[in-house]
Amino acid sequence: MSGTRFQYDESGSTFFYFLLSFEALVVVPCTYYFYPRAAGQDEGKKRDSTKCNCDHCRIKACRLRLKEPWRKAKERFVKFLLFIGWVALALTAYKVAHLQHDYVAYDPFEILEIDADASVAEIKKAYRRLSLIHHPDMETGNEKKFMMIAKAYAALTDEEAKKNFALFGNPDGPQAMSFGIALPAWIVEKNNSVCVLGLYALVFMVALPLTVAIWWHRSIQFGGDQVLLATTQLYLSYIYKTPSMIFKRVLMVIAASVEFRRSYNSEIIERPSDNVEVPLLIKELPNLGEKNKERPLCFSYSIKARALLHAHLYRMKLPSNNLEEDQLYIVKKCPNLVQEFVQCSAQMTMLAIAGRISRIPNLETVENAMKLSACIVQALWESKSPLLQLPHITENMLRQFCSRKRNIRSIKQLASMKNDERKSMLRNLTADEYANVMNVVGKMPHLNIEVKFEVEDDEDSCTITAGAFVTVTATLLREDMSSLFDSGNDKEAVEYNEEEALGKSEESQQKQRFKSFDRSKKKKGKGSSKLKKKSVNLTPARITNLKKNENGVNTQLKNGVLHHGKLEENSKASDTEESNSDDSAASGNSCSDENNGDVNDRKDKHEDDDAEWEKFQAKVSKKDKVLEGKSKKSHTVHCPFFPDEKDEYWWVYLCDRKRHSLITDPYLVTNLVKKEEVELKFAAPQKPGIYTYSVMVRSDSYLDFDIGKTIKLDVKEAKEIDISKLQWDVSEEEEEKDEEESAVEDSDLATDDEIDDD
């Protein structure tokens, strides 16, 4: 009876296959992810040539390089490890290619060194020849080889052995099933069993559970964006306590985050020198609020963080390197903390709208937090001029921007100036400094927003009823500020473009007038649409140019009047023809009209189907984008005082300015490169009326780059639903099942009636 037999790899040949596959699974992905990329370094060098070269940016670049002093050594070490891995993989592959297999299929013809179609005489002849060579009694004899030869001869001559070979592949009959294990035999030896079990217990019963426990203990302390849950609870409590916060109050709460506390964050360093240096720094800072008695605003870590943030916003030089290191760490953490603060404010607002809490956070609290993020990134107070975000621009130079001739208060106004005026205004700068300023201005964002709103999953998506769910789609279009350069240099070109636009608008108005006249044939008793005149500010140069084109415009108007008269005559003739056709009872015309109506209805249905299909595809594409997740690749921000590289992020939200309330959760756009769509959904008010909302876009990195757009919603009363007119969509299969069930019930009733009659 056959059994089961396990065979360990005595020679180690099978183990090399396992080793080869394991090395390939480790070396190939590690090479892809960890090999230093030279292409990225080349791109970095190209970017460095276009970056700002001011003093603060150079200091920041040097600081970032000093953060990784062993970067080249790490890259070399990684390359060395990957080289060793590939060498080991190559050697293992070479070993596998030259392995001698222990288990070979049994072939008696190969053992006897004859062909498969050999005759019995040839088999006997080969057996005798090999027996004389490998017999144990001979000098060249080999007992093992001789046994194989005898077994092969029996398999080809003995009837029973031949039958076993044909059925089971072996002349001895069925063999025990064997399983090869790709591990060396020494692993299961009794002498090594204690070591193997100890290693197994150490890895799977100690190291693995301990690693999972440490990871779980650390992960449960953090929420979104790697912010501690204790910090989130602190924000929620202070937002509920003071729903309306001023700018400095928000900064005070952010500085009290437990990320800056040693007991919660092991990266925080508490030095004995802080007891001397921090009080000296507090004396130099006005309106710090260090005497506040609220907990934890009065704790030492909170006061220290607040002082360092105030010094950062004043762009002060700190007295010691230790304070500078602490300041860089705190400032680097602030953008994520501000994002968490904004989310907490939005959550509290939604809870207040739902009626779960009594106090509604003020809109100013949310906007002050957003403003604080940009202030920290640019190291400026909210009251400072946004022009100080540019390199080489100091407060002493701001007088040149605000004079009697010019009033430049924003970077956008600076970019829209003429080159000559801009150069004369910045004449104190050298040529390199001026080029550096314009390089930074040209890369700053110039944002536009397009807004549309609708009610999804409704027949009339443009009509907003009370309580309906409204979807506001905000399309953000980003361009570089360089698109505004030299926009006002050529007055004649601008005037020519304005005249062209004016002429096109007049022609379009005439066309609309004629179209409205054609429509007036169907609607009798209503006048044609009037030509609307557009008020335009005319300069003397434009007046002279318009006088030249006056004759052309008059001729166009005359032609329009004549054409208008011809249209009236044609309309009268068409009316008489229609009356005659109505008096006659010709069936052919009526049929043709009906056919035309059917064709038009079919076209309308096809158009509606196409529109619905396009909407469905747009929804599917939006869902796919949501499933892909947010990317955080955007444009780099010019922020020489921020300790790390920063990308542009934008908050998009809907608010009510009159009530100072937030309507939707602020959506953080992290991937605005050129164009991005954001959907904001909210429930319309329960009372009919006209409501005014504002769609706001705020930057978390730049000051005075916020834009907004006002929308008006005409909310109407909700229509009453007539249940009797509702049409339920029932599939054909369900209808067939209902018919079959009704037929079965009728047959059952018929049989019951027959039984009752009997």
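**Report on a predicted protein model**

Phenylalanine 204 has a relative accessibility of 48% and therefore counts as partly exposed, a class that lies between buried (under 20% relative accessible area) and exposed (over 50%), as found with a 1.4 Å probe and protein chains only. The model is a predicted one, in which local features need a pLDDT of at least 70 and side-chain atom pairs count only at pLDDT 80 or more, whereas totals for chains, interfaces and linings use all residues. Residues are numbered from 1 along each chain as its sequence is written, and side-chain values use heavy atoms, with hydrogens and water left out.

**The chain as a whole**

The protein chain has 24 helices and 11 strands; these are DSSP runs numbered from the N terminus, with helices (H or I) of at least four residues and strands (E) of at least two. Of its 758 residues, 32% count as buried. The accessible surface of the protein chain is about 50,900 Å², and carbon and sulfur atoms account for 54% of that area. Such areas come from the Shrake-Rupley method with a 1.4 Å probe, and for residues only the protein chains shown count as cover. When contacts (heavy atoms within 4.5 Å) are taken between residues at least 6 apart in sequence, 70% of them join residues at least 24 apart.

**Confidence**

The predictor's confidence in each residue is given as pLDDT, from 0 to 100. The protein chain averages 75, and 68% of the residues score at least 70. Over residues 488–595 the pLDDT stays under 50, and the model has 41 contacts beyond four places in sequence for this stretch. Where pLDDT is low, the predicted coordinates should not be read in detail.

**Aromatic pairs and charges over rings**

Rings of Phe, Tyr and Trp (its six-membered ring) form a pair if their centres lie within 6.5 Å; planes under 30 degrees apart are stacked, those over 60 are edge-to-face, and the rest are tilted. By this rule there are 10 aromatic pairs. One of them is stacked, because the ring centres of tyrosine 127 and tyrosine 153 are 4.2 Å apart and their planes stand at 15°. Tyrosine 127 belongs to helix α6 (residues 120–134) and tyrosine 153 to helix α7 (residues 143–157), so this pair ties together parts that are 26 residues apart in sequence. A tilted pair is formed by tyrosine 200 and phenylalanine 204, with 4.9 Å from centre to centre and 35° between the planes. Both residues of that pair lie in helix α9 (residues 193–219), where they are 4 residues apart, about one turn of the helix.

Phe247, Tyr314 and Trp381 make up one aromatic cluster. Lysine 248 lies over the face of tryptophan 381, 5.5 Å from the ring centre. Elsewhere, the charged end of lysine 646 sits over the ring of tyrosine 649, at 4.4 Å from its centre. A charge sits over a ring if NZ of Lys or CZ of Arg is within 6 Å of the ring centre and within 35 degrees of the ring normal.

Threonine 365 is found in helix α15 (residues 363–378). A polar atom of the threonine 365 side chain lies 2.9 Å from the backbone nitrogen of methionine 245. Leaving aside residues up to four places away in sequence, threonine 365 touches Pro243, Ser244, Met245, Val250, Phe341 and Ser345.

Valine 278 is part of helix α12. With residues up to four places away in sequence again left out, valine 278 touches Lys304 and Leu323. The C-alpha atoms of valine 278 and serine 300 are separated by 9.6 Å, and these residues are 22 apart along the chain.

**Backbone features in loops**

Most residues other than glycine have a negative phi, and most peptide bonds are trans. A cis peptide bond, however, joins arginine 295 and proline 296, with omega about 5°. Proline 296 lies in the loop between α12 (274–284) and α13 (300–314). Histidine 392 has a positive phi, near 70°, and is located in the loop between α15 and α16 (398–401). Histidine 660 also has a positive phi, near 55°, and is found in the loop between β6 (650–656) and β7 (661–662).

The table gives the accessibility of several residues discussed above.

| Residue | Relative accessible area | Class |
|---|---|---|
| Tyrosine 127 | 22% | partly exposed |
| Valine 278 | 11% | buried |
| Threonine 365 | 0% | buried |
| Histidine 392 | 25% | partly exposed |
| Histidine 660 | 40% | partly exposed |

Notes:
A polar contact is a pair of N or O atoms within 3.5 Å; within protein, one must be able to donate a hydrogen and the other to accept it, and residues adjacent in sequence count only if both atoms are side-chain atoms.
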